[in-house]
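Visitor: I have a model open and would like to walk through it. Can we start with a single residue and work outwards?

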Amino acid sequence: MVDKTQYIWIDGEMKKLSESKVPFLTHSFHYGSGVFEGIRCYKTENGRAIFRLSDHIERLFFSAETMGLKINFSQKEIEEVIKKLIKKNNLEECYIRPLIWHGEKMGMDPVDTPVHFGIAVWEWTKYLKKDEVKVGISKVMKTHPQTTVLGAKISGHYVNSVLASRETKSRGFDEGLLLDFEGNIAEGPVENIIFCKGKEIHTPTIKSILPGLTRASVLTIAEDLGYKIFERDIKPEELKDFDEAFFVGTAVEINSIASIDDFYFTGKDGKTFKKLKEIFVQVIHGENDKYEKWLSRL
Ligand SMILES: Cc1ncc(COP(=O)(O)O)c(C=O)c1O
């Protein structure tokens, strides 16, 4: 996966990946107190383009503020570093992973801890290996929103995702789906979920999820196509009312769902998913002028 990555950027310097070492007593290594982003760069007819770069960096800075991580770079500087790093690694399409973390200090309050900022880029093709995935509702509940700030992308949140992923995969599913503290459908371990019913789009509210940028983009595209959007609480018992379901997120991009537990989305031709996917794929590859504003060109 990372074999084509030669260089990473850490605290203002380009370094060989092989030279990066993290001291054992690093706060974020022990307690999950770092914050990160997942971003993708795509090949287009006019060179490479990063999807929603500024929005991702804005969320990264918000996450950092949430965890008391002081950043000595501006958002614009980080955007430029990312572009430089992709060029330096000579990658055409890649996944981009900025991570900010608390350095060497033990104990809960990381006050006065040195803060570090690293960025890696690597070739990462499909996250979900099948075009239509079988999804299982996880026995692991989505982290309660009052126990953290779910809108921040904090490393520690992903313990919840790893557990849900492992639990559902151990039962033979391709991917998991977490319910929130009220039994509503929340999201997948690293992706949001969208349901369709005729010309309606239904998706969980942002109460118990990471409000994804892919989700926001796909909802905008759907709305522009005339679909009515409903952001609301959705219970698993309602699955039978929907024609189609799919996951959205930077890692999974837009990926169809064949079934959830023993309910199969059958008898429909996946019309809405196909339409939305077609436009989304055009957008990320710079073939749709209407949403060109979402691309940062290298
Ligand atoms: C838990 C979770 N939900 C949803 C998403 C999708 O967010 P985005 O579309 O901004 O990548 C991600 C990925 O960042 C995630 O980790």
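Guide: Start in the loop between β5 and α2, which is where R52 lies. Keep in mind that this is a predicted model.

Visitor: Is R52 buried or exposed?

Guide: R52 counts as buried, because it has 22 C-beta neighbours inside 10 Å; the threshold for buried is 20 or more.

Visitor: What about the phi of R52?

Guide: Phi of R52 is positive, about 55°, although R52 is not a glycine.

Visitor: Which residue is 241 residues away from R52 in sequence but 8.4 Å away in space?

Guide: That is K293, with the distance taken C-alpha to C-alpha. K293 sits in the loop between α6 (271-284) and β17 (295-297).

Visitor: And K293, buried or exposed?

Guide: K293 counts as exposed, because it has 8 C-beta neighbours inside 10 Å.

Visitor: Which residues of α2 are buried?

Guide: The buried residues in α2 are L53, H56, I57, R59, L60, S63 and A64. They lie on the same side of α2, because the arc they cover around the axis is only 160°.

Visitor: What comes after α2?

Guide: G68 follows α2, and its phi is positive, near 65°.

Visitor: Next helix. What are the numbers for α3?

Guide: α3 covers residues 75-88, 14 residues in total. From first C-alpha to last it reaches 20 Å, close to the 20 Å expected at 1.5 Å a residue.

Visitor: Which of its residues are buried?

Guide: I78, I82, L85 and I86 are the buried residues of α3. Their arc around the axis is only 100°, which puts them on the same side of α3.

Visitor: What do the buried residues of α3 pack against?

Guide: They pack against β1 (7-10), β4 (39-44), β5 (47-51), α2 (53-66), β6 (94-102) and β7 (115-122).

Visitor: And what is on the face turned away from the buried side?

Guide: That face of α3 carries the exposed residues K76, E80 and K87.

Visitor: What follows α3?

Guide: N90 follows α3, in the loop between α3 and β6. Phi of N90 is positive, near 60°, and N90 is a residue other than glycine. N90 counts as exposed, because it has 9 C-beta neighbours inside 10 Å.

Visitor: Now α6. Which residues are buried there?

Guide: T272, F273, L276, I279, F280, V283 and I284 are buried in α6. They share one side of α6, because they cover an arc of only 140° around the axis.

Visitor: What is exposed on the other side of α6?

Guide: K271 and K274 are exposed there.

Visitor: What do the buried residues of α6 pack against?

Guide: The list is β4, β5, β11 (192-197), α5, β14 (244-249) and β15 (253-260). After α6 comes G286, with a positive phi near 70°.

Visitor: How many residues are in contact between domain 1 and domain 2?

Guide: 21 residues of domain 1 are in contact with 12 residues of domain 2. On the side of domain 1 that touches domain 2, the elements giving two or more residues are α1 (27-31), β3 (35-36), β4 and α2.

Visitor: Last topic, the ligand. Which residues around it come nearest?

Guide: G212, L213, T214, G249 and T250 come nearest, out of 14 residues around the ligand. Helix α5 (residues 213-224) gives the largest share of that shell, three residues.

Visitor: And the shell by class?

Guide: The shell around the ligand has four nonpolar, seven polar and three charged residues.

Notes. Residues are numbered from 1 along each chain as its sequence is written. This is a predicted model: local features need pLDDT of at least 70, side-chain atom pairs count only at pLDDT 80 or more; totals for chains, interfaces and linings use all residues. A residue is near a molecule or strand if its C-beta atom, placed from the backbone, lies within 6 Å of it. Helices (H or I, at least four residues) and strands (E, at least two) are DSSP runs, numbered from the N terminus. Ala, Val, Leu, Ile, Met, Phe, Trp, Tyr, Cys and Pro count as nonpolar, Asp, Glu, Lys and Arg as charged, and the others, Gly among them, as polar. The expected span of a helix is 1.5 Å times one less than its number of residues. A residue is buried if 20 or more other C-beta atoms lie within 10 Å of its own, exposed if 12 or fewer, and partly exposed in between; C-beta atoms are placed from the backbone. The arc is that of the directions from the helix axis to the C-beta atoms. Two residues are in contact if their C-beta atoms, placed from the backbone, lie within 7 Å.
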